[in-house]
Amino acid sequence: MSQRIQSIRGMQDVLPAENALWHTLERTAGEVFAAYGYEQIRLPIMERTALFERGVGEVTDIVEKELYTFDDRGGESMSLRPEGTAGAVRAGIQHGLLHNATQRLWYVGPMFRYERPQKGRQRQFHQFGVEAFGQAGPDVDIEQIAMSSRLFSRLGIAGLRLEINTLGTPAERAAYRDALHAYFSAHHETLDADSKRRLDRNPLRILDSKNPEMAALIAAAPAFTDYLGPESAAHFQGLCDGIAALGIDYSINPRLVRGLDYYTRTVFEWITDDLGAQNAVCSGGRFDGLVAQLGGSDTPATGFAMGVERVVALMEAQGVALDDVAPQAYLVHTGDAASARVPALAERLRDALPGLRLRVHAGGGSFKSQFKKADKSGARLALVFGDDEAANDTLQIKPLTDDREQETVGLAEAPARIAALLADARG
């Protein structure tokens, strides 16, 4: 026997039984984003490596350690996308979407990072991304926080905490960076290996350390709010006031810096206590300089990304009600005359009831074995079509999830009767 080929470590299959959670999230997210006027854009999963080096930042874990990078057959360095914002900006510049225009976009799809696989963190993972371009004020930051809050509410997810911070302008960050460099240099002997490596290249990234032995040192570091100019301070105050006016609880986390270099001013995260160490389920903020950095004109921008696997895990942990994706009806049939008519009968039913989830038995077998499969499928109705029914243009309908009697209806009346029985079952 040939050796079985297994999936790649950190790249997981999503099996049919797990897809109800994914379907519920994907449907709800699309509805919520559309309700706020955001339009979907579909982006390639592979880009030139230079896009991520310039967009994400060369001194980030993502670019330094986690990119899936290779030379294509033409010798050009390509990478699987580790996040979606850089690609969205590249697409906006390339297609002229950002020139003297505002845009509200969203996307969903797989991302790739070579990390140590663990619960809630895989090498192939999926994200929803939301980006707004051309709007400089805190109002669109507030809108995106409200939109993410509404999505969690629609999904029935509770217990999330919102943390916010500001990273100011590049000039303010430069002044803060100098202060941090001086502070951490004075405690050089206390820094861990990652922090020593980051000290000269990007000391803000030390604030993002997850090493508990660094926590006390980081807690005593200078606060960025002391380095904000009046415009950034006003933007941040407007953000705080707007969130409070919506009745959304939040806390200011002065150590929230995010793992990507392109953020400016607003940053935020939604945090849960239900998923262990992987506690951030939605992260975002402003990236006012990224469009120009990637070759476009100066364009203010803000957005967020939401990890599908983490939100799905949270939905499962909290017992969120799911979309019903099981078949509603299972068509069993036997006899040559009946079976020959079944494909056309099934298509007629689907034409008459476009939303009907109808599974047609295939592969033969007795009525008994077919009914076992109908029961196992979770269908609420069995539709029975044998040679007698074929000769009389009738269909038998047998409820599978309650004790109502089996009944015989004419084929012309069958769609209306099926719809009525399914409606009764929902009630």
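Okay, let's start with a sheet: three strands make an open sheet in the order β2-β4-β3, with antiparallel pairing. Two strands count as paired here if DSSP finds at least two bridges between them, and the strands themselves are DSSP runs of E, at least two residues, while helices are runs of H or I, at least four, all numbered from the N terminus. At the edges sit β2 (46–48) and β3 (69–71), each pairing on one side only. Ignoring direction, neighbouring strands in this sheet are turned by 35° against each other on average. For angles like that, axes are lines fitted to C-alpha atoms, for helices over the stretch in contact, and the angles run from 0 to 180 degrees between N-to-C directions.

Quick housekeeping: this is a predicted model, so local features need pLDDT of at least 70, side-chain atom pairs count only at pLDDT 80 or more, and totals for chains, interfaces and linings use all residues. Residues are numbered from 1 along each chain as its sequence is written, and side-chain values use heavy atoms, with hydrogens and water left out.

Back to β2. Three bridges tie β2 to β4 (residues 77–80), and the two run antiparallel. Look for Arg48: its bridge partner in β4 is Met78.

Val384 stands opposite Gln396 in β15.

What packs on this sheet?

On to helix pairs, and keep your eye on α5 (residues 138–155). How do α5 and α9 cross? Their axes come within 9 Å and cross at roughly 40°, with α9 covering residues 230–245. From α5 you get Pro138, Asp141, Ile142 and Ile145, meeting His235, Gly238, Leu239, Gly242 and Ile243 in α9. By class, that contact has five nonpolar, three polar and one charged residues. Nonpolar is Ala, Val, Leu, Ile, Met, Phe, Trp, Tyr, Cys and Pro, charged is Asp, Glu, Lys and Arg, and the others, Gly among them, are polar.

α5 also meets α1 (residues 19–35): those axes come within 10 Å and cross at roughly 140°. The crossing of α1 and α5 is right-handed too. The α1 side includes Leu25, Val32 and Phe33, and the α5 side is Met147, Leu151, Arg154 and Leu155. This contact divides into seven nonpolar, two polar and three charged residues.

Last stop, Thr264, in strand β9 (residues 264–271). Buried or exposed? Thr264 counts as buried, at 8% relative accessibility; the cut-offs are under 20% for buried, over 50% for exposed and partly exposed in between, using a 1.4 Å probe and protein chains only. Beyond neighbours within four places in sequence, Thr264 is in contact with Leu167, Gly168, Pro170, Arg173, Arg286, Phe287 and Asp288. Thr264 and Leu167 are 97 residues apart in sequence, yet 5.2 Å apart C-alpha to C-alpha.

Technical notes: Contact = heavy atoms within 4.5 Å. Left-handed = near helix turned anticlockwise from the far one by under 90°.
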